[in-house]
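Biologist: Please walk me through the pocket and the salt bridges of this model. Keep it brisk.

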Amino acid sequence: MPRTRQSIDAVIRTLAATYSPTNVIPPHSHDWHQLLYASEGVMTFHTSLGSWVVPPHRAAWIPAGVIHSVEMSGSVTMRTLYLLPGISKALPKECCTVNVPPLLRELILDAVARQMLRRSVPHEARLIRVILDQMEALPVAPLQLPMPRDARALKIAGFFKANPSERKSLDQIARQAGASPRTIERLFRAETNMGFAKWRQRLRLLHDLRLLAAGEQVTTVALEAGYESTSAFIAMFRRELGTTPSRYHAEGQENPARTSPSAWR
């Protein structure tokens, strides 16, 4: 498709797409920054550094040039903003999942309806400024699973990532990776900024979000994740995300910014 003068002037471009359950977008990268917003369904995007889950009414921030793949859980309605590199120095340099407040949600939908935003058009320039003001203060959601780099720790991480409900302890599995439990614990702390127990809990949480998005009941998800009781699962969920599983998606529609006090800058 030829590039018109209007498209050359654009500093924000957009894309609207709907994906079927289990659809996977293979590894790729973009020349522009990407804000990948899920208005329905759950996405998981993967890079060489880890994985991030994007529930409804949250968004993935993916800087230009980062190779990533995207996996769908349930039917996904995706709305994407592509931002020209250099548009703002306050935007993050690394991938993250962010909570999308209602105002930014409406701005995203409006931008997608316009297809592009240009600074050369006065009313579009004002919209660009408001979008950037909103994005520069977005709260980060704790929905990342960083991966260790050391081959021994990576083997452990890969095993549990493939088997998130596995109940074996680190002591039981560490020797298979050729290291002591103490060494694996040290590697996880150094390379993921989490102890192994915290990393494993985060892994389970992200897996749980995908199961809930697929329509599984809370009790079923709790048992699948290896929790001894539904109440223990709900307590963990509330501790990590500030609300219960049953209210999480509803709160996302009303005020997703509540789930995390930290902004990405």
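The questions below take the pocket, then the salt bridges.

Biologist: What is the volume of the largest pocket?

Modeller: This is a predicted model. The largest pocket in it has a volume of about 640 Å³.

Biologist: Which residues lie nearest the centre of the largest pocket, and which elements give two or more residues to its lining?
Modeller: The lining has 25 residues. Nearest the centre of the pocket lie W52, E94, C95, Q144 and P146. The elements that give two or more residues to that lining are β7 (96-99), β9 (144-146) and α6 (181-192).

Biologist: How many residues of each class line the largest pocket?
Modeller: Take the lining of the largest pocket by class.

Biologist: How many residues apart are D110 and R114 in helix α2?
Modeller: Their side chains form a salt bridge, 2.7 Å from N to O. D110 is partly exposed at 29% relative accessible area, and R114 is partly exposed at 34%. Within helix α2 (residues 102-114), about one helical turn separates D110 and R114, because they are spaced by four residues.

Biologist: R189 and E185 both lie in helix α6. Is R189 buried or exposed?
Modeller: R189 pairs with E185 in a salt bridge at 2.8 Å, N to O. The two are four residues apart, about one turn of the helix. E185 has 22% relative accessibility and counts as partly exposed. The cut-off for exposed is over 50%, and R189 has a relative accessible area of 53%, so R189 is exposed.

Biologist: How far apart in sequence are the parts that K198 and E240 tie together?
Modeller: The K198 and E240 side chains meet in a salt bridge at 2.5 Å, N to O. K198 sits in helix α7 (residues 196-213) and E240 in helix α9 (residues 230-241), so the parts tied together are apart in sequence by 42 residues.

Biologist: Which residues do salt bridges that share partners join into one network?
Modeller: Here the salt bridges share partners. The residues joined into one network are R129, D133 and E136.

Terms used: Residues numbered from 1 in each chain as written. Predicted model: local features only at pLDDT ≥ 70, side-chain atom pairs only at ≥ 80, totals over all residues. Heavy atoms only, no water. 1 Å grid on protein atoms, 1.4 Å probe; cavity = no way out; pocket = protein on both sides within 12 Å on 5 of 7 lines; lining within 4 Å. Points joined across faces, edges and corners; volume = space filled by probe spheres on them. Nonpolar A, V, L, I, M, F, W, Y, C, P; charged D, E, K, R; others polar. Salt bridge = Lys/Arg side-chain N within 4 Å of Asp/Glu carboxyl O. Buried < 20%, exposed > 50% of the residue type's maximum accessible area, 1.4 Å probe, protein only.
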